[in-house]
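I opened the notebook to record what I looked up in this structure. The entries follow the order in which I checked things.

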Protein chains: 2
Amino acid sequence: MAKLDFDILAQSGRARRGRLTTRKGVVETPTFMPVGTVGSVKSLTPGEVSDLGAGIILGNTYHLLLRPGVDLVAEMGGLHRFMGGWTGSILTDSGGFQVFSLASRRVVTEEGVSFRSHLDGALMELTPEKAMDAQTLLGSDILMALDECPPPDADREYAEKALLRDARWAKRAKSALRPESGALFGIVQGGMYKDLRAQSAELICELDLPGHSLGGLSVGEPKETMLEVIDATQPLMPRKKPLYLMGVGAPEDLINCVGLGVDMFDCVLPTRMARTGTMLTKDGRLNLRNARFARDSRPIEEDCGCPACRNYSRAYLRHLFAARELLAYRLGTLHNLYFTLNLMARIRQAIENDNYAAFAREALDRLSRGEHRAAADDQ
Amino acid sequence: MAKLDFDILAQSGRARRGRLTTRKGVVETPTFMPVGTVGSVKSLTPGEVSDLGAGIILGNTYHLLLRPGVDLVAEMGGLHRFMGGWTGSILTDSGGFQVFSLASRRVVTEEGVSFRSHLDGALMELTPEKAMDAQTLLGSDILMALDECPPPDADREYAEKALLRDARWAKRAKSALRPESGALFGIVQGGMYKDLRAQSAELICELDLPGHSLGGLSVGEPKETMLEVIDATQPLMPRKKPLYLMGVGAPEDLINCVGLGVDMFDCVLPTRMARTGTMLTKDGRLNLRNARFARDSRPIEEDCGCPACRNYSRAYLRHLFAARELLAYRLGTLHNLYFTLNLMARIRQAIENDNYAAFAREALDRLSRGEHRAAADDQ
């Protein structure tokens, strides 16, 4: 069996309804991957994440390299087992995104990137080969090649130099795979320059990897720019392979990007927002810390089937957030992840029904009308 | 039906195996009540607390008075419902313990105690009547009378003056009960003076309340002093009514105090310790943050049936505590509460088997041997 299979079951416009089969199991696409940064989707057990409908989660190699260390995770049976028995698939990033965010604390050469740990200042090095070794030790089912994510305002020269090196690094990553490694995805970069994106796509696709991602987007550029780059780049990618957009997870972005042919997403947005009391709903965001919810006996969202909405009122949740009770973060996270995973299920259904464009228009319209109403109520 | 029934099913020495029936249901005694300070047993859902075996939890009136306010809780259907549907019983304290801890921020008169909120400095007043009203609004099944908990080094004059006022306050509390109020417990005070305890016991028992507690213990005095005061006071209490020792919950204290005839306990110790990584086991305490657990694939406790021990290694838990992951606090809390509630189940079994003295000796011996071993390992 190949390390990764991808079947397209239906299409509606450019939106694709697919089925990804990793060595751990089946993932229905378009899919959203909750982020378990340091081996835990914050506040939740693996069983809960699975019950919410997630088939694949993302682990951060940089964080796990630093603490507890990938050797330790390997010794404990790999990340799936270490984290208490995650039965779904795991995609790991290369660690590059975090390392390149360290700015002054890192140095890039052709060999790789050296950096200082944000925890204890220890000098560490990440190379394309080391990134593969680390992800293989973690037991990742989908590995990402080491690349550089240039800042959104990177000039043309910088972006080109980076994408050319990324392509050389991706080749080295492929050579560093071992029989026990999962499937490798290559990453298309090129900043906000469509021609550079095309150049990167060509170089990366030449490697014939089982899947690809679009990196360096959703890093601060205007939303229209992001959508334009995806719109221009997606048609250059092999139709039969999954396309993954890194770091995107706001409801409107998921809807728009599926419409442009993206199959996979990950983002800390739903979980991070949850911990600040901001709930995602079909009618936009709801800030539970707002005083207007103090005596509101309704659930976060009337027709939601998540464990938080089934049992708890907005009034109680608001109280928990005000008192900084641990249960608040957990119930908020359950809701926001359920919402996001359920949105992906609705998206898949709309593609199967071949009415994605209408679904997207209606869902986006409802989100934006809700946001306007909430903004007025919050005055 | 009375607001509270208590049946003694078995006895072994002074240890009693009982059954408490509140208006919400049956609680097997001796029992331990997990503390849900502000309407949540920190990090857990009501369903989880119930699954761990808890039949009754404690709510703190002081905290709930301040935030979200008892009127709001009443409006939302009472504390059981507000917190997401707790199906067991709730005992609430009077708020007095926290108010008297405020030291310079409170003034006591015959009428009651006025104090400033630790949250916003607002001036508030608690009287015996207001404490009853607040607990009735919360929907508490067992209410505690307002009393003063003197410091452990209070002189005789202070302790006597306080217990006499406590008795007058308890009488006023009884008069302030409404038809919809739960059962009222009186509190025996008297500091560390056995004759004052006897005096308080007499005055409080005269009120013929359905249950009593021993207050003002475990407040910093030596353990032997606490046990001596209980040993001397318990025989003065009516045999057919439940006796509750407030603020006690360390395993060795639970074992010793059940041996002296105590039926009910509450304490933040298991839950608070859990959040610092200290796990309770039959062999004493285990500090999960210790480096020696970094590669330890065993569960916290080999034969434990709690959700944390069934799925997670010490190595993973240590990692979660080191990374300050929210899941750490939750899994630790599940273990420590399971341990404590399971200890109470073992205690009840030993009383039924009429071998409590042997059980207690063996359990205490194992705890203390384990503590010595752990202290050596931690070097």
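This is a predicted model: local features need pLDDT of at least 70, side-chain atom pairs count only at pLDDT 80 or more; totals for chains, interfaces and linings use all residues.

Entry 1, symmetry. I superposed chain A on chain B and got an RMSD of 0.0 Å, with a turn of 180 degrees and a shift of 0.0 Å along the axis. The two copies are thus related as by a two-fold rotation axis. I then looked for the residue of chain A that comes closest to this axis, and found A:Leu326, with its C-alpha at 3.8 Å. For the interface, I noted that 100% of the interface residues of chain A are also interface residues in chain B, so the copies meet through the same surface.

Entry 2, the sheet. In chain A I found an open sheet of three strands, ordered S1-S2-S3, with antiparallel pairing. Its edge strands are S1 (4-12) and S3 (25-29), each of which pairs on one side only. On average, neighbouring strands of the sheet are turned by 15 degrees against each other, direction ignored. I looked up the link between S2 (residues 15-22) and S3 of chain A and found five bridges. Across this pair, A:Thr21 stands opposite A:Val26 of S3(A). I also noted that helix H14 (residues 326-352) of chain A lies across S1, S2 and S3 of that chain, at about 120 degrees to S2(A).

Is B:Asn336 buried or exposed? I found B:Asn336 buried, with a relative accessible area of 0%. B:Asn336 sits in helix H14 (residues 326-352) of chain B. Beyond its neighbours within four places in sequence, B:Asn336 has contacts that include B:Pro270, B:Met273 and B:Leu280.

Note on methods. Residues are numbered from 1 along each chain as its sequence is written. Chains are lettered from A and ligands numbered from 1 in the order in which they are written. Side-chain values use heavy atoms; hydrogens and water are left out. Copies are superposed by least squares on the C-alpha atoms of residues with pLDDT of at least 70 in both. Contact means heavy atoms within 4.5 Å. Helices (H or I, at least four residues) and strands (E, at least two) are DSSP runs, numbered from the N terminus. Buried means under 20% relative accessible area, exposed over 50%, partly exposed in between (1.4 Å probe, protein chains only). Two strands pair if DSSP finds at least two bridges between them. Axes are lines fitted to C-alpha atoms, for helices over the stretch in contact, and angles run from 0 to 180 degrees between N-to-C directions.
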